[in-house]
Amino acid sequence: MSYYLNESPLLQEFINRIAEKNEDDLSYEIWREVCIMNGWVEVNIQKDDWVDSIENSTKQELVRAYNNLNQDLKWNTKKKEKRLFRKGDNVISFEKDLEQYWDYMSQKN
């Protein structure tokens, strides 16, 4: 579980919330609700101004590259826009957390 918590710090919260709501999967609505309840802030990836507030320059560049890649995907395909939340220098995405959730659940069973 510690590997999955490193990759997806709110994983246990997601699992608990899914059980509370008697759901089968991690929906975007549950993910967003848990993020907000835990003090994470939704990121508008259309603007990069918030990236300047990240103190770690490596993380700052990685987020910029991620945003640029997402913009390319958004304009070149019908793929949904990546959904991001941040807390301090940490940034999480729904897509990555969903992947970690399913990986964890498949290892658990």
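Start with the aromatic rings: this predicted model has 7 aromatic pairs. Select Tyr-4 and Tyr-104 to see one of them. Their ring centres sit 5.4 Å apart and the planes make an angle of 70 degrees, so this is an edge-to-face pair. Tyr-4 belongs to helix 1 (residues 2-7) and Tyr-104 to helix 5, so the pair ties together parts that are 100 residues apart in sequence. Are these two buried or exposed? Tyr-4 has 12% relative accessibility and counts as buried; Tyr-104, at 15%, is buried as well.

With Tyr-28 in helix 3 and Phe-94 in helix 5, the pair ties together parts that are 66 residues apart in sequence. Both Tyr-28 and Phe-94 are buried. Keep them on screen and bring in Trp-31 and Phe-85: the four form one aromatic cluster. Then show Arg-83, which lies over the face of Tyr-28, 4.7 Å from the ring centre.

Stay on Trp-31 for a moment. What does Trp-31 touch, leaving aside its neighbours within four places in sequence? The list is Phe-14, Leu-26, Arg-83, Leu-84, Phe-85, Ile-92, Ser-93, Phe-94 and Asp-97.

Next, colour the largest nonpolar core, which has 19 residues. Those touching the most other members are Leu-10, Leu-26, Trp-31, Cys-35, Ile-92 and Tyr-101. Helix 2 (11-20), helix 3 (28-37) and helix 5 (94-108) each put in at least two residues, and helix 3 gives the largest share, with 5. There's also a second, separate core of 6 residues; Val-43, Trp-50, Ile-54 and Leu-84 are among them. As background, nonpolar side chains tend to be buried together in soluble globular proteins.

Leu-84 is a handy way into the strands. Select strand 2 (residues 84-87) and strand 3 (residues 90-93): they pair in the antiparallel sense over 4 bridges. The bridge partner of Leu-84 in strand 3 is Ser-93. The two strands form a hairpin with 2 residues between them, and in the turn Gly-88 has a positive phi of about 65 degrees.

Leu-11, Phe-14, Ile-15, Arg-17 and Ile-18 are buried. Why do they end up on the same side of helix 2? They cover an arc of only 165 degrees around the axis, which puts them there.

Last stop: step just past the end of helix 2 to Asn-22, where phi is positive at about 55 degrees. Most residues other than glycine have a negative phi. Asn-22 lies in the loop between helix 2 and helix 3, and with 69% relative accessibility, Asn-22 counts as exposed.

How values were computed:
Residues are numbered from 1 along each chain as its sequence is written. This is a predicted model: local features need pLDDT of at least 70, side-chain atom pairs count only at pLDDT 80 or more; totals for chains, interfaces and linings use all residues. Side-chain values use heavy atoms; hydrogens and water are left out. A nonpolar core is a set of buried Ala, Val, Leu, Ile, Met, Phe, Trp, Tyr and Cys residues joined through side-chain atoms within 4.5 Å. Buried means under 20% relative accessible area, exposed over 50%, partly exposed in between (1.4 Å probe, protein chains only). Contact means heavy atoms within 4.5 Å. Rings of Phe, Tyr and Trp (its six-membered ring) pair if their centres lie within 6.5 Å; planes under 30 degrees apart count as stacked, over 60 as edge-to-face and the rest as tilted. A charge sits over a ring if NZ of Lys or CZ of Arg is within 6 Å of the ring centre and within 35 degrees of the ring normal. Two strands pair if DSSP finds at least two bridges between them. The arc is that of the directions from the helix axis to the C-beta atoms.
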